[in-house]
Structures are given as structure tokens and as C-alpha cells.
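Try each task yourself before you look at the solution.

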Amino acid sequence: MVKRPRNPSKPPKSAPLLTEDDAALRGQRRRPRDPQQPALPFDLMPDRIEPCLALLRPSPPTGPNWLYEVKWDGYRLALHKDSRGVRLITRGGHDWTHRFPTIAAAASDLAVGTAILDGEAVVLDQQGRSDFNALQQSLGGRGGKRIANEVIYMAFDLLYFDGHDISAMDQEDRRRLLEDLVPEDAAGGIRLSQEIETDDPAALLATACAHDLEGIICKDRTAPYKPGRGGEWVKVKCVQSDGFLVIGYEKSTAAPSGIGRLLLAARKGEALVYVGGVGTGFNARNAPILRKQMDVLTTSKPPLPLKRKDVVWVKPEIIAEVEYRAWTGDGKLRHASYKGIREKADADDVYEIDQ
């Protein structure tokens, strides 16, 4: 065994790069810092930022102050990156980092030390459209334990960047920084939700609907990032799709898993309001998952004072995502179709009826 010397020799000194004749190239001694000069402060990175929510409108706003994007149908996530690593936080404040390893790995490669991004976890079909059912299946259904490797993150806002809270900046300025961080041609686990320039948002909406997209999102270029539905963001849907609480189901011997029709409720303040039912959209893949969830929540007492025969009542804990065309005059869903089950983490997604 070769022993290393206790006192390794020092490397020889190199000749200085500049000689006495190169005085003009020498840097000047730094002057003492003026104590009156303010230092650029760093902002404490928040553990969570309440999300800005889009206000539903029947038609898109127009004018030079608005920018437009595709509306993605998935799970809203805030992406946090700092010295501790990466966290993916749901709208309800739950940590889902372990469920989306592809997104977490891509976030680790972002060329920034600290950042908070806002975006949507989605699964894309062969045409590049977000598919909520495919997302649900990739996670194993509501409460599933699967790890979704095929899920990607569509980033559409930047709230904290390189040690600074930028949520008070204009939407357009935040967007410019986001485009520097996530290039338009990014094709990995994190991609940019691209801005679509148009002078005719109604035509853009028509095109989105023709391609079977869910709709478009409109954002005020001059607005800061504000939690809640203040109107800074507007959503316009091709087909209405919202979350409703399941309060029971009618049995059927012919339908998948015996589910003939779901009975649904929306929120109105602290109360629940019956909004009708949905009897289509069930299949051999999604119906067993739904039935299994309902079977452990059955109750003998109706969650609402409804008189129905042959109904299995369910505690109002399951959130069903339902597509529908319109509302009837008495406040019921028209032409409804079942899409899937939302997680408890998205409990705030239950449809709210105006007071």
C-alpha cells in the first residue's frame, strides 16, 4: 500500500497575468459601500399562494388589454422550487409531488434557484388535447395510488422568481419572465401554455370548439396576480363542465356497475341545492371506480329533502365532473354527461350557485 505524504507539496507559483506596464488594465480597488444606498431586498418565499381563479363568462372579452390561451382540463398545481427541492401543491393545499415524478424531475432542471409557477397537470391525447378521463385513469381514479409518468405540466404563470415575489407585476411582465424560463419549444415534462394572439377572440373560441377543446382563458395584461375570482382572468367554455357533489344514485340492472343515474348537488353558500342528475357517460372502465367509492359512503338519510324511490343515498363527499349544455328554467342540468371523479384536494371545484 502506497502511503500518501503527510505534507503534500504546494503547487508552484505562476507568473502574474499583468505586469507593471499593464496598469491601465488593472481593476480599481472597490470603494466602500455607501450605507445610505439601499440593497436589493429578497422576498421570503411563501409556502403557498392562493390561486387566481377564472370567472366564467358566455363570451370572451375583447380589446388590446387581453391575452388568450387554451383552457386545459386537468389538475391545477403550483410548482415550488427552492433549496429544499421541488413541491407540487394542489389547489386545496395538498402536496402531490410524489404523484407526478416526470413533472418533479423536469422542475429540478429549470434554470432557476427559486420559483413558484402556476399551471395545470394534464394528459394529452394524440391530437394534443387535454384528456381528463385519461388523467384520472393514470392516477388510478379518485384516491388512487398510481404514479402518473405520462402527465405533463402546462405552465401559464410565474409568481415568484429568483428570490423575488413578482405577483404584483403586470400579467404581461410575468408572462415575459415565464417565457424566458420555459421556452415555447419546450417539449419535456414542463411546457409553456402558449399565448395566442388574435384580434377576434370569438373566432378563436369557435376554432377551439371545432377542435374539441374545452375552451379558452382570457387574461388582463395589466393586472397583477390576485387570488379568487376577481375578473382578471375569464374562462369561456365550448361545453360547460363543472364539479357537482354526488348525493345518491338510481339503480339499473342494465347499466355498468348498476348505476342508472347519479343525483347531484351544487353549493349555495353553506347549503346544498339539488341540480338534477346525470345518466350517461358511464362505462366499464369508470363505473366500477365510482361504484366502489359510493358503496363506502351510503347512508339511510337523504342529504337533501328529496322524495325519491329506489335511490341509494350517498354522503355528499364525492365530486363528479359533469359536462352539460345548459341549465333548465328550474335550475337543473340539461344534456349532462359524466366525465369522472375529482379528488378531495379539489373540493373547492364544486359548482357555486350565485346567492
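**Exercise 1: Pockets**

Task: How do the residues lining the second largest pocket divide into nonpolar, polar and charged?

Solution: The lining of the second largest pocket divides into five nonpolar, three polar and nine charged residues. Here Ala, Val, Leu, Ile, Met, Phe, Trp, Tyr, Cys and Pro count as nonpolar, Asp, Glu, Lys and Arg as charged, and the others, Gly among them, as polar. A pocket is an open set of points on a 1 Å grid over the protein atoms alone, with protein on both sides within 12 Å along at least five of seven lines, and a lining residue has an atom within 4 Å of a point.

Before going on, note that this is a predicted model, in which local features need pLDDT of at least 70 and side-chain atom pairs count only at pLDDT 80 or more, while totals for chains, interfaces and linings use all residues. Residues are numbered from 1 along each chain as its sequence is written, and side-chain values use heavy atoms, leaving out hydrogens and water.

Next, look at the largest pocket, which holds about 840 Å³ of space; a volume is the space filled by probe spheres set on the points, with grid points joined across faces, edges and corners. Of its 36 lining residues, Ala-54, Arg-91, Arg-229, Lys-235 and Asp-242 are the closest to its centre. By class, this lining has 13 nonpolar, three polar and 20 charged residues.

**Exercise 2: A cavity and one of its residues**

Task: Which residues lie nearest the centre of the largest cavity?

Solution: A cavity is a set of points where a 1.4 Å probe fits but cannot get out. The largest cavity has a volume of about 120 Å³. Among its 16 lining residues, Ile-49, Pro-51, Leu-77, Ala-78 and Asp-118 lie nearest the centre. E3 gives the largest share of this lining, four residues. Strands (E, at least two residues) and helices (H or I, at least four) are DSSP runs, numbered from the N terminus.

Now follow Asp-118, whose place is in strand E5. Asp-118 is buried, with a relative accessible area of 3%; buried means under 20%, exposed over 50% and partly exposed in between, with a 1.4 Å probe and protein chains only. The side chains of Asp-118 and Arg-76 are joined by a polar contact of 2.7 Å. A polar contact is a pair of N or O atoms within 3.5 Å; within protein, one must be able to donate a hydrogen and the other to accept it, and residues adjacent in sequence count only if both atoms are side-chain atoms.

**Exercise 3: One face of a helix**

Task: Which residues of helix H3 are buried?

Solution: In helix H3 (residues 171-181), the buried residues are Gln-171, Arg-174, Arg-175, Leu-178 and Leu-181. Seen down the axis of H3, they fall within an arc of 115 degrees, so they line one face of the helix. The arc is that of the directions from the helix axis to the C-beta atoms. An α-helix has 3.6 residues a turn, so residues three or four places apart point the same way.
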